Amino acid sequence: MGSEDLDYIRLAVAEARKSKFEDTTPRPYVGVVVVKDGKIITTAHRGELGSGEHGEFTALERKLKDESVAGATVYTTLEPCTTRNHPKV
């Protein structure tokens with residue numbers, strides 16, 4: 001792991017600290033940084049754009065929905081969910 005990777009991970013942790021919650025149920029803090037060709041193309045955190053929305057969903061489906069993320073690296077503080085409820089894929 002290189003020093004740039006550590007910088008991106010630290011940024012993901014900083015994003016996670018911004019997480020917002022929709023109720024009093026404990027939820028994980030989640031931060032995401034998406035990097036492509038050595039440049040940050042977006043960052044996100046839980047609840048940033050919508051109540052209850054996961055950080056990886058916000059980054060990939062809301063912020064980058066019209067962009068190709070092929071070849072990008074996603075740095076996240078928690079593994080992305082493998083199952084989603086409709087309409088999230």
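Start by selecting tyrosine 75, which counts as buried at 12% relative accessibility (buried is under 20% relative accessible area, exposed over 50%, partly exposed in between, with a 1.4 Å probe and protein chains only). You're looking at a predicted model, where local features need pLDDT of at least 70 and side-chain atom pairs pLDDT 80 or more, while totals for chains, interfaces and linings use all residues. Numbering runs from 1 along each chain as its sequence is written, and side-chain values use heavy atoms, leaving out hydrogens and water.

The structure holds 2 aromatic pairs (Phe, Tyr or Trp rings, the six-membered one for Trp, with centres within 6.5 Å; planes under 30 degrees apart are stacked, over 60 edge-to-face, the rest tilted). Tyrosine 8 and tyrosine 75 make a tilted one, 5.1 Å centre to centre with 45° between the planes. Tyrosine 8 sits in helix α1 and tyrosine 75 in strand β3 (residues 73-76), so the pair ties together parts 67 residues apart in sequence (helices are DSSP runs of H or I, at least four residues; strands are E, at least two; numbering is from the N terminus).

Next, pick phenylalanine 21 and tyrosine 29: ring centres 5.0 Å apart, planes at 65°, so this pair is edge-to-face. Phenylalanine 21 is partly exposed at 31%, and tyrosine 29 is partly exposed at 49%.

Last stop: select Val30, Val32, Val34, Ala44, Ala59 and Leu64, the largest nonpolar core (buried Ala, Val, Leu, Ile, Met, Phe, Trp, Tyr and Cys joined through side-chain atoms within 4.5 Å). Apart from it lies another core of 5 residues, including Tyr8 and Val33.
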